[in-house]
Amino acid sequence: MRPQVLRMQAFGPYKTSETIDFAELGTNKLFLIHGDTGAGKTSILDGLVFALYGDTSGGERQASQMRCESADPALPTEVELTFALGRRTFRVLRSPKQDVAARGGGRLVTKQASAALWDTTDAEPGGEGKVLGTRIREVNDAVRDHLGFSSEQFRQVVVLPQGKFRDLLAAGSDKREEILKQLFRTEGCADLERRLRERARDVVKQRDELQIARRTRLDTAGAEDDATLEALTSQAAASAAAMKREAAKAEKLAVKAAKALSEAEKAAEAAGAVVEAEGLLAQLKEQQPHIDELKAAAERAREAEKVAPRAVALDDAVEELGEAEEALEEAIKKQTKAVAAEKAAADALETGQQRAPERAAAAEQVRRLTEMRVKVTAWQKAERLCEGADQVLATAAEELQKAQAVLTVAKAAQEEARRQVGKAGAAATGLQSAEQKRAQAEKLAAQCAKRDKAEAELRRLSGVRDTAADAYKTAKAAFKAVHAEYAGLEASWRAGRATVLAGELVDGEPCPVCGSPAHPAPARGADKVDDAALDEARERLEEARRLQDASRDDLSEAEAAVATARGEFTALRDAVAEGLTTAQAKADARACQDEVTKLVAAVATVPDPDEVTAMANEAIVAAEKRLTAAQKADRAAASDLAGKRAGAGELATGIPEELRAPAALERALDEAQTTSKRLEGELKAAQDESITARENKVAAEGGAKAAAGTEVAAKRRVTTARKSFTAALGQHGFGTAEAYQAAVIPEEDLAEAEDQVTAHHDALTGAKGQLKQARASVKEHPVRGDVEESRERSLAAAAESREAQRLQNDADNRVAALKDARDALDTLDQQFEEVTASYAIVGKLAEVAAGQSDGAKVSFQRWVLGRYLDDVLLAASRRLVTMSSDRYRLQRQKEASDLRRPSGLELAVFDGWSNRARPAITLSGGESFLAALSLALGLAETVQEQSGATPLETIFVDEGFGALDQNALEQAMDALTELKDSGRLVGVITHVPELRQVIDARLEVRGGPGGSSTQFFVP
């Protein structure tokens, strides 16, 4: 990964937006990141790591804590990084969760974290490129996939933050393995291990399945072994032949009993049919009177249907007559109302014609006011000019007062500036000393906090270890008890199997186990334990063994964790003064911070004393110029107002007083025009109303006449319809209308009655035929014995036949099953031999690849990584030997330090003074820095040389040089200088002045009240 452009906005000490373009370095591959303490050097590394992974370079601060507290609340915190991977380029934009001002200012709103990633390799200039992810998880996964590192691994091999140099050096073997796998791309080795392991597991599984299948086959057949299976097969064949003879005999008896039952049932069924038919016929005869009544009513209703059309016509004629009478009454009412309206309209028209003088007077008033409008308009314009001049004068007077006040304030500000400049100069003198004290106090407080955290972790892990020890003790006792229980059950099960076989022995016949015809001492009286109980006990035993092994592993891990935690706590405890509490250290740090804050605020009040003094003097000059201009403008405005007022007075002559008020003329003109229009409108409305009333009267008279004619015609139709209805009643046998109404039946009820009559006739005919057939069946099947007795005998015979057939089928199936079992066992034995031969090859290869063959626990992938690590350590040692004056070199510790864990990747340092190797973690602070720097440079060099590895194009080193003596510092500077021609980009953050003299290119970081800024200085 090679950074190209980094943009940080409201991030850390960068108050606004700061862009770092690494292209400005040109051909310089080694550069210094330089600046005062707190200016924001480490924040550059934080920005790189945050953009890629969403956390910080030290891994201790949360992303949400990186927002600049003094940034504009409306400016969101975000980091944008453009970087290259080989020939491809990418751009990532990320923002943390933060509170920012809502649109329009005011309240703060919470903005959730966000991230986006683009592939800009083939994008046009200024183009966005291909979107790879717009969600945090998508971006995180894509960055890990492309870079090949997690955030923690990135901080160990690319960015070496403050206090983190020892991470890669002191990392556990497992973490170092993950880093090396990512760098050297050994997925193929791991894949080979996996495929061999899976192949061996499959072979073992096949072998176990074959053994289980063989045991299952024997258990299913009820045999202990192959000999027992052969004996059981012979016994089953003899039993099957006997069962076949018994089944044939039982089948003949069942057929005879079934035939007798059939004859008895037919005779009983015929006798019952006669009784049923006679009962049905008697029931139908009882219903006959009701059916006759239904038939007569239905015939009467059908006659009434013929009269119905005449009745409907009479009802329609009566209804039309009622409607005609109502229409005539309404027409007469309309005619009366129209006559009255016509008279009222004529009276209103006469009244309107008599108001002609009022209409003439209103028109004259409109004309007179219209002529006055021109003169009033000119006078009002002159008045408005006077008002404008008056306002100009008032504004000039106000400006004069303000100019006098500004001059007074400027003089006071000049005096205050002189006082503040003196105060800020005194604060700047003590600020540097206060910042150094604060940095020391914060560092001590952080060490105390880490010590307390390590102590708490040690107590927690000790508790976990004690719990794990108790659990292992309990699991071990439980396994011992379950094992004893299983052993007893297995012995009982074996004795029970012997008892079962003994019970099947027959004197004179050979034993299925030993073959002897004599049985002198068969097994007796053993408690029976079935296979299911034994299987359950075996499962309990396996579960207890698994729990014991798991608890033992947990205890081992807990003990290792306690040892590691104790070492970390001891180192942290010894690094601080005895008796110093975290609270005391934090209180000291806060006090130092308060003092620094106070001094910074004092200095910030006057960032540039000369500029403040000059600004105060300039303010006085500007105020005096403003006062002179205001006095001149005030005099000019007073003269202009006097001239405009004289002109307005001349125009007001001849305008009545009541028309001078604003809009008075327009209101009077509007009232006159409204009155004239109203009078004209009232006359026109009266004329229109008179014409309309006459037309309505004529129309109403015509409507009344037409309604009277309609009523006469309706009465004639009613008379005709009544005569026709009366004639129809007599024609169909109804003397009165009431008799006709009584005969009417709804159509649904009439249809139902007719259906009942028809159904009764059909049922009667059918019952007579059924009785005749039943009597004929009785003659054909006379009574022969009791049906129930015959049924019982038939059922019993059929049951005996089925049972005999079932026993025969069971015997045949038993013979076939035993033969199938024998064939299956032969096939399983052949397969087992083939699988066993295969495991002899595959299993051994899998053990070797997994590192399980010789106890060293070095897998194939770890062996390959170890070879790569040897190359890395060789390159690293070349530098470390030089930087440590031929004392130290790094080497791989091939012997396992913990036999419970995989080995092969542990690091050791060979000390030339003692001529012995020891763990790398035992190096001092300065020595650890040199070793870690050598390891990082050696790792980058080796990876660069390996084809197919992940290229390490960039390294950032944050501090650590201050812990070196002069000789070691010179050696470290020589090593960094060699990197100029390596092609890798190396950034160094340090306060050591000697490095600034050696490294020509630098990125200068400046802090200040307005936020930090950066600038490249390149030779």
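**Salt bridges up close**

Tutor: Let's start with Arg540, which forms a salt bridge with Glu485, their closest N and O atoms lying 3.0 Å apart (the rule: a side-chain nitrogen of Lys or Arg within 4 Å of a carboxyl oxygen of Asp or Glu). This pair ties together distant parts of the chain, with Arg540 in helix H10 (residues 531-574) and Glu485 in helix H9 (residues 356-503), 55 residues apart. Helices here are DSSP runs of H or I, at least four residues, numbered from the N terminus. This is a predicted model, where local features need pLDDT of at least 70 and side-chain atom pairs 80 or more, while totals for chains, interfaces and linings use all residues. Residues are numbered from 1 along each chain as its sequence is written, and side-chain values use heavy atoms, leaving out hydrogens and water.

Arg540 counts as partly exposed because its relative accessibility is 36%, and Glu485 does too, at 38% (buried is under 20%, exposed over 50%, partly exposed in between, with a 1.4 Å probe and protein chains only).

Now move along to helix H16 (residues 787-850), where Arg806 and Asp810 sit four residues apart, about one turn of the helix. Their closest N and O atoms are 2.6 Å apart in a salt bridge. Arg806 is partly exposed at 38%, and so is Asp810 at 35%.

By the salt-bridge rule, the count comes to 34.

Definitions and conventions:
Helix = DSSP H or I, 4+ residues; strand = E, 2+ residues; numbered from the N terminus.
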